[in-house]
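Here are some notes to read alongside the model.

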Amino acid sequence: MADLELPRRGLMFILSSPSGAGKTTIARRLLTAEGDALAMSVSVTTRPIRPGEVDGRDYHFTDQPRFRQMVAEDAFLEWAEVFGNLYATPRAAVMQELAQGRDSLFDVDWQGAQQLSQSSGTDVVSVFLLPPSIGELEHRLRTRGTDSEHVIRGRMDRARAEMSHWGEYDYVVVNDDVDACFAKVRTILAAERLKRARQTGLIAFTRGLVG
Ligand code: 5GP
């Protein structure tokens, strides 16, 4: 039998974690697995583009004056300063996705998660990923590149600061095993999609059932 899906409103799926806890891997796998049903929200940032990044795919890269102008125009759902650079979630693209019943995925820090929860309420589902241990997090940050001890210390400090916000999220998942973590995150998404309040097609459907 075909899977009957009623019309529904999209949701805003936030993934946050300290860097090194596997957020990027989980986000990429979600996007691949979900296809058209889930789109990454591409943020605007003032930070310089890194090798391998593509403007418009990884971020919309811009400068401070333009960013400030967009803040004044209320073009952002949220914005924050992270490590000395400005980051923001553009409003229009997300609103369009939601109305069309598609979900948006957000890779934002705790400040972004907090602001999106405030501004977008029940549309938001937030998930925080934790590393299995502080030793494992440090190991992952160390094996990532050729960074100096000073840089690694800085990353560890930021990771601790980010992790202290776990209590502000709807769900917390420990990323011990990437397959298990991915399965849990996908289960959260599947269950949240079934929430009655999101299923805008229920009234028409049940009318047809009960007459
Ligand atoms: P990166 O510069 O390494 O890509 O990202 C640095 C940090 O900025 C990450 O913690 C990421 O989650 C956060 N970030 C990326 N985009 C946004 C955004 O639109 N809003 C907020 N608040 N944080 C963001």
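1. **Ground rules.** This is a predicted model, in which local features need pLDDT of at least 70 and side-chain atom pairs count only at pLDDT 80 or more, while totals for chains, interfaces and linings use all residues. Residues are numbered from 1 along each chain as its sequence is written, and side-chain values use heavy atoms, with hydrogens and water left out.

2. Please begin with the ligand, which sits in the largest pocket. A pocket here is an open set of points on a 1 Å grid over the protein atoms alone, where a 1.4 Å probe fits, with protein on both sides within 12 Å along at least five of seven lines. A molecule sits in a pocket if more than half of its atoms lie within 2 Å of the pocket's grid points. The shell around the ligand holds 15 residues, and the closest are Ser43, Arg47, Tyr59, Glu78 and Tyr87; a residue is near a molecule if one of its heavy atoms lies within 4 Å of it. Strands β5 (76-82) and β6 (85-90) each give at least two residues to this shell. Helices (H or I, at least four residues) and strands (E, at least two) are DSSP runs, numbered from the N terminus.

3. Which side chains are worth a look here? An oxygen atom of the ligand lies 2.6 Å from a polar side-chain atom of Arg47. For Asp107, the distance from a polar side-chain atom to a ligand oxygen is 2.8 Å. With Lys23, a side-chain N or O atom is 3.4 Å from an oxygen atom of the ligand. A polar contact is a pair of N or O atoms within 3.5 Å; within protein, one must be able to donate a hydrogen and the other to accept it, and residues adjacent in sequence count only if both atoms are side-chain atoms. Taken alone, the ligand exposes 520 Å², and the protein buries 88% of that. These accessible areas come from the Shrake-Rupley method with a 1.4 Å probe; for residues, only the protein chains shown count as cover.

4. **Thr46.** This residue belongs to the loop between β3 (44-45) and β4 (60-61). Is Thr46 buried or exposed? Thr46 counts as buried because its relative accessibility is 15%, where buried means under 20% relative accessible area, exposed over 50%, and partly exposed in between (1.4 Å probe, protein chains only). The side chain of Thr46 reaches the backbone nitrogen of Leu86 at 2.9 Å. Beyond neighbours within four places in sequence, its contacts (heavy atoms within 4.5 Å) include Thr62, Asp63, Gln64 and Phe67.

5. **Both ends of α2.** At the start of helix α2 (residues 64-72), a side-chain oxygen of Asp63 comes to within 3.1 Å of the backbone nitrogen of Arg66. Asp74 has a positive phi of about 60° although it is not a glycine.

6. **Phe83.** Another non-glycine with positive phi, about 50°, is Phe83. Its place is in the loop between β5 and β6. Phe83 is exposed because its relative accessible area is 59%.

7. Arg9 is in the segment before β1 (12-16), and it counts as partly exposed because its relative accessibility is 31%. What joins the side chains of Arg9 and Asp123? A polar contact of 2.9 Å does. Gly101, in the loop between α3 (91-99) and β7 (103-107), is buried because its relative accessible area is 18%. Not counting residues up to four places away in sequence, Gly101 touches Arg8, Arg9 and Gly10.

8. **Ile188.** Please also look at helix α7 (residues 178-193), where Ile188 lies. Ile188 counts as buried because its relative accessibility is 10%. Leaving aside neighbours within four places in sequence, Ile188 is in contact with Phe13, Val125, Val127, Tyr171 and Val173.

9. **Asp36.** Finally, Asp36 is in the loop between α1 (23-34) and β2 (38-40). Asp36 is exposed because its relative accessible area is 71%.

Definitions and conventions
On a 1 Å grid over the protein atoms alone, a cavity is a set of points where a 1.4 Å probe fits but cannot get out, and a pocket is an open set with protein on both sides within 12 Å along at least five of seven lines; lining residues have an atom within 4 Å of a point.
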